[in-house]
Amino acid sequence: MRTAPTILHLDMDAFFASAEQASKPSLRGKAVVVGGLGPRGVVATASYEARVFGVHSAMPMGQARRLAPNAAYLTPRFMFYRAISEQVMGLLRALSPLVEPLSLDEAFVDLEAGGAAWDEESARLAGAKLRADIRAVTGLTGSVGLAATKMLAKIASEQAKPDGLVLIEPGTERALLGPMSVRILPGVGPATGDHLRRAGITTVEEIVEAGEDEVVRLLGKAHGHGLYAMALARDERPVVAERDTKSVSVEDTYDVDIHDRVRVRLEVQRLADRCVRRLREAGLSGRTIVLKVRRYDFSTLTRSETLRGPTDDVAVVREAAARLLEAVDTTGGVRLLGVGVSGLADYTQEDLFAQAAGEPEAAEEEAVAEAPVVEEGRGAERQWRPGHDVRHAEYGHGWVQGSGLGRVTVRFETPDSGPGRVRTFRTGDPDLEPVDPLPLVSGGPTRPGRESEQASGAKAERGLGLELEG
């Protein structure tokens with residue numbers, strides 16, 4: 001283990017919600033909840049003001065509304081969050097070549113590998129400068145943990161929240177960990193925690209007191225040895241700059257169970273097409289096609305088929321997913337569908353016949369995928385997603401507060417303005433149009449992304465939180 005706290009863990013504070021508050025002056029200091037707004041939606045993240053009421057990530061949205069009925073509920077803008085994340089990751093990579101992103105808002109950094117820190121003082125200075133740079137570039141705050149191991153650096157960043165820095169001095173690790181719950185250790189989830197509790201072990205120090213043999217007896221050889229080592233503050237895991245992607249998948253949860261078999265087939269085709277687009281964007285192909293079906297009774301079935309070689313052809317993936325669906329009974333109704341590809345490779349073994357058959361359909365689907373944020377609904381009524389950006393020919397830039405009954409309510413404000421005025425329009429008003437988000441800091445970069453925002457927003461709207469964060 002290192003003798004200096006040169007591993008840094010950064011965790012942005014309530015990232016999605018904080019980005020929305022920074023973008024919308026009228027929401028600053030108020031409860032904000034981001035996630036899927038449908039009946040089966042889940043919370044992606046909640047602002048600290050909303051957490052006071054007990055709202056947290058992965059909570060059903062209906063429960064969140066009961067706990068915090070006056071909060072602002074917004075659909076995610078994932079491309080906006082990714083653009084900010086790239087700014088933050090750029091600052092981390094300026095510190096070291098060894099940056100291990102865990103999600104859009106979280107990463108480990110090996111400061112020693114980049115020469116940014118070599119002892120306690122230099123590590124603290126590097127962490128403080130990073131926090132200042134993040135605020136200057138994005139207008140947001142992040143919490144930093146510094147320690148000699150990844151496990152301890154992550155624990156430190158949790159203690160630093162929100163908007164703080166905690167450094168764990170080498171030699172103090174055991175005293176710090178001892179009184180903490182066993183759930184603080186990596187790999188100890190609810191099931192393992194309950195198993196240890198039934199054996200009379202609730203704190204990290206009690207794991208040490210029980211002894212390695214007893215922990216191995218309780219949890220098995222592999223898990224027991226690893227957990228005991230971590231209880232002693234031993235963690236030899238290095239910061240890894242690149243992680244191999246094991247699979248690419250997409251899934252949707254539906255507000256109302258789907259009973260029509262034809263509709264189920266169409267949904268599987270659509271998911272297959274989206275999955276292939278993600279494959280191609282990542283420059284990957286895969287051999288194994290996976291279908292996931294969650295039925296009306298919450299039972300979840302997965303079926304897979306392995307091809308002769310890797311593919312990124314939409315027709316091949318569609319056909320394989322359709323074959324897998326034929327083996328699944330959906331009579332009682334379907335609440336979730338998913339299509340994935342695993343066995344990934346960075347090359348494709350073309351199936352020329354399937355490719356030729358699939359080209360027209362693929363092109364047609366791409367055109368559908370590139371529809372703007374405004375959707376055509378029943379009777380040509382347009383739908384506007386809460387939280388998304390719009391511009392009015394007379395009133396300028398704003399964001400959607402809500403819509404319904406043929407009306408859309410917009411608050412007109414920008415990141416640099418004060419709280420703006422609210423106005424209501426017909427959903428089909430020709431002077432109102434969707435636009436890209438404005439940068440949070442004047443002169444800062446933003447990324448156009450209405451098409452991708454629509455795809456991500458649709459998934460969240462149907463109740464699937466694509467990214468859950470703390």
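When neighbours within four places in sequence are left aside, L111 is in contact (heavy atoms within 4.5 Å) with T6, L8, L95, A116, A117, A123, A126 and L146. The model is predicted, and for this reason local features are given only where pLDDT is at least 70 and side-chain atom pairs only at pLDDT 80 or more, whereas totals for chains, interfaces and linings use all residues. Residues are numbered from 1 along each chain as its sequence is written, and side-chain values use heavy atoms, with hydrogens and water left out.

The protein has 15 helices and 19 strands, these being DSSP runs numbered from the N terminus, of H or I over at least four residues for helices and of E over at least two for strands. Of its 470 residues, 50% are buried, where buried denotes a relative accessible area under 20%, exposed one over 50%, and partly exposed anything in between, computed with a 1.4 Å probe and protein chains only. Among contacts between residues at least 6 apart in sequence, 64% join residues that are at least 24 apart.

In soluble globular proteins, nonpolar side chains tend to be buried together.

Helix α1 (residues 15–23) is largely enclosed by the rest of the structure, because nine of its nine residues are buried. The buried residues of α1 pack against the strands β1 (7–12), β2 (32–35), β3 (43–46) and β4 (72–74), as well as against the helices α2 (48–51) and α4 (78–95).

The whole structure contains nine aromatic pairs, defined as rings of Phe, Tyr and Trp (its six-membered ring) with centres within 6.5 Å, which count as stacked if their planes are under 30 degrees apart, edge-to-face if over 60, and tilted otherwise. The rings of F15 and Y81 have centres 6.2 Å apart and planes at 55°, so this pair is tilted; it links distant parts of the chain, since F15 in helix α1 and Y81 in helix α4 are 66 residues apart. Both partners are buried, F15 with a relative accessible area of 1% and Y81 at 0% relative accessibility. A stacked pair is formed by F16 and Y81, with 4.4 Å from centre to centre and 10° between the planes, and here F16 in helix α1 and Y81 in helix α4 lie 65 residues apart in the chain. F16 is likewise buried, with a relative accessible area of 2%. Ring pairs link F15, F16, F78, F80 and Y81 into a cluster.

Charged groups also lie over aromatic rings, a placement that requires NZ of Lys or CZ of Arg within 6 Å of the ring centre and within 35 degrees of the ring normal. R51 lies over the face of Y48, at 4.6 Å from the ring centre, and R65 over the face of Y73, at 4.4 Å.

In helix α8 (residues 190–198), T192, G193 and L196 are buried. These residues are on the same side of α8 because they cover an arc of only 100° around the axis, the arc being that of the directions from the helix axis to the C-beta atoms. The face turned away from this buried side carries the exposed residues P190, A191 and R198, while the buried residues of α8 pack against α10 (212–219) and α11 (221–231). Just after α8, G200 takes a positive phi of about 85°.

In helix α12 (residues 261–281) is found E267, which is buried, with a relative accessible area of 10%. Not counting residues up to four places away in sequence, E267 touches Y254, I258 and L337.
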